[in-house]
Amino acid sequence: MKRIKIFDTTLRDGEQSPGASMTPDEKVEMALMLEALGVDLIEAGFPVSSPAQFEGVKKVSQAVVKPTVVALARCVESDIDAAGEALKNIKNRRIHVFIATSPIHRKYKLRMEKEEILKRIENYINYAKKYFSDIEFSPEDASRTELPFLVEVVKTAVKAGATTINIPDTVGYSLPEEFANIIKTIKEGVPGIENVDISVHCHNDLGLALINSIYAVKNGANQVEVTLNGIGERAGNCALEEFVMASKVRRDLLDFGTNINPEFIYPASRLLVHITGIIPSRNKPIIGENVFLHESGIHQDGVLKMRETYEIMKPEDIGRPSESLVLGRHSGRHAIKKKLESYSVKLDEEKFQRVFERFLELADKKKEVFDDDLISIVSDVLREPINGYRLMHFHVHTGNTLLPTATVKLEFKDDEFEAAETGNGPIDAIFKAIDRITGLKTKLYEYIIQAVGSGKNAQGEVKLTLEIEGQFSSGRGISTDIVEASAIAYINAINKHLIIKNGLLR
Ligand code: KIV
Ligand code: ZN
């Protein structure tokens, strides 16, 4: 069986989804989970683009042991220098250099002729050798590039010393047979290609990212670029979980596999949701809420008689507890530790103590604590900023015959600030009061509220995305009180913005 390398770009292309930006520490948290999942490579960011990107790549490379850490760079000296610097002193490191090659990108974006592009590829792959021996090259918008020119481009890159050639379907435009033909033509028409890896990077604009990746592998690719939950630019990238499970479930027809430990798929997917606040649709393949639910009587009857009548995989295959074990106030430290271990969450003693205290507080408020409650507490605790804004207390007055008013008290770097505001509702008033304290101009781009767990005493979880100074920043908050959950989510989004912008909080 051919083994396909999994190149995970959740922390780079995935992070380019609006509202998915992650702080360097969140990237580390996610990268450790990706390592447990067994990915071969982690693309951790685009170091030249901001100090936070640089820091994220550096921190991830220092945190993981097994996967190769990859940094993205354009064919520009300063980009390559930044990638070299971010991954300095790391054994398993790769640079990923790219330049667009399609007619539309050449004419309107780059304003470059073909010859100039070929020259740049040669020059900058050579320049990258100053820092790296593992060099991946991507002709951006490859699938809309004239095929003979694409072959020229790949020949130039291989001759210059690229060790992996990645073919992106940048705008998710290709059809499976067409994309397969591109891979086949490169495989057959480029001298020396047998000594380099062929990778593919498929976007999902037409919903074809998975099938295009599969067709590419059938025609010679041995690396696929994927993201968890399929996040990424626009409609996203080929989803890791889809590629892995398709190759596993249809092993009868697909003669390839990966080194992924599928039982970490669900925990990794949930962690990403907690970090980014991006909730996959309920019917999202593999990890969506509905995937193992059966509504119609005929289906339920079939599943009860023989599960395989309507299920082609089991929840346990992807590490999804079929029944989440209910914890309560009498669950001891040991039970909590065991539960966290089953999600491969590793915490130092101080953080664990904090999680345990929060668990006890919650168990006092609601009798049953579910897995999702616990995982939410963990991601809250991991994200508690040391010097960021912290909610001390709030009061709201609301009703259908009075103007909703909120008073909020926040702590920031040992100082306390209080403000009061009115609004269209209690949540609007509280957000305005927070804005008054921080002095930031924010726009609420997205606000989602949902119950964690079930029943009347479920917790409220708020995920929201703010636009602050032209950047999207997301935050989440969880509480048995939805106004408090909203305030916490709002403050978290502000803290995240400040961390990414200034790196000042931790
Ligand atoms: O979609 C794309 O073309 C990319 C490249 C940088 C590989 O993300
Ligand atoms: Zn991409």
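The legends below describe close-up views of a predicted model.

Residues are numbered from 1 along each chain as its sequence is written, while chains are lettered from A and ligands numbered from 1 in the order in which they are written. In this predicted model, local features need pLDDT of at least 70, side-chain atom pairs count only at pLDDT 80 or more, and totals for chains, interfaces and linings use all residues; side-chain values use heavy atoms, with hydrogens and water left out.

**View 1. Residues surrounding ligand 1.**
The shell around ligand 1 consists of R12, D13, H96, F98, S138, E140, N166, P168, T170, H201 and H203; a residue is near a molecule or strand if one of its heavy atoms lies within 4 Å of it. By class, two residues of this shell are nonpolar, six are polar and three are charged. In this scheme Ala, Val, Leu, Ile, Met, Phe, Trp, Tyr, Cys and Pro count as nonpolar, Asp, Glu, Lys and Arg as charged, and the others, Gly among them, as polar.

The side chain of T170 places an N or O atom 2.6 Å from an oxygen atom of ligand 1. For R12, an N or O atom of the side chain is 3.0 Å from a ligand 1 oxygen, and for H203 the corresponding separation is 3.0 Å. A polar contact is a pair of N or O atoms within 3.5 Å; within protein, one must be able to donate a hydrogen and the other to accept it, and residues adjacent in sequence count only if both atoms are side-chain atoms. Ligand 1 taken alone exposes 260 Å², of which the protein buries 94%; accessible areas come from the Shrake-Rupley method with a 1.4 Å probe, and for residues only the protein chains shown count as cover. Strands β5 (93-100), β6 (135-140) and β7 (164-169) are the elements that give two or more residues to the shell around ligand 1. Helices (H or I, at least four residues) and strands (E, at least two) are DSSP runs, numbered from the N terminus.

**View 2. Protein donors of the zinc ion (ligand 2).**
The zinc ion (ligand 2) has D13 (OD), H201 (NE2) and H203 (NE2) as its protein donors, at 2.0 to 2.1 Å. Donors are N, O and S atoms within 2.8 Å of the metal (3.2 Å for Na, K and Ca); water is not among the atoms, so sites may look incomplete. Along the sequence, the donor residues follow the spacing D-x187-H-x1-H. D13 belongs to the loop between β2 and α1 and is buried at 3% relative accessibility. H201 is also buried, with a relative accessible area of 5%, as is H203 at 4%. Buried means under 20% relative accessible area, exposed over 50%, and partly exposed in between (1.4 Å probe, protein chains only).

R476 is part of strand β16 (residues 471-479) and counts as buried at 4% relative accessibility. Its side chain makes a polar contact of 2.7 Å with the side chain of E461. S21 is located in the loop between β2 (5-8) and α1 (24-37), and it is buried at 14% relative accessibility. The side chain of S21 reaches the backbone oxygen of F472 at 3.3 Å.

A disulfide is a covalent bond between the sulfur atoms of two cysteines; here the criterion is a pair of cysteine sulfur atoms within 2.5 Å. The whole structure contains zero disulfides by this search. For C202, the closest cysteine sulfur is that of C238, and the separation of 6.6 Å is too far for a bond. C202 is buried at 0% relative accessibility, and C75 is buried at 2%.

N89 is a residue other than glycine with a positive phi, near 65°. This residue sits in the loop between α3 and β5 and is exposed at 72% relative accessibility. D414, likewise not a glycine, has a positive phi near 70°. D414 occupies the loop between β12 (405-412) and β13 (415-422) and is exposed, with a relative accessible area of 73%.

**View 3. Helix residue D79.**
D79 is found in helix α3 (residues 77-86) and is buried, with a relative accessible area of 0%. The C-alpha atoms of D79 and I121 are 14 Å apart in space, and the two residues are 42 apart in sequence.
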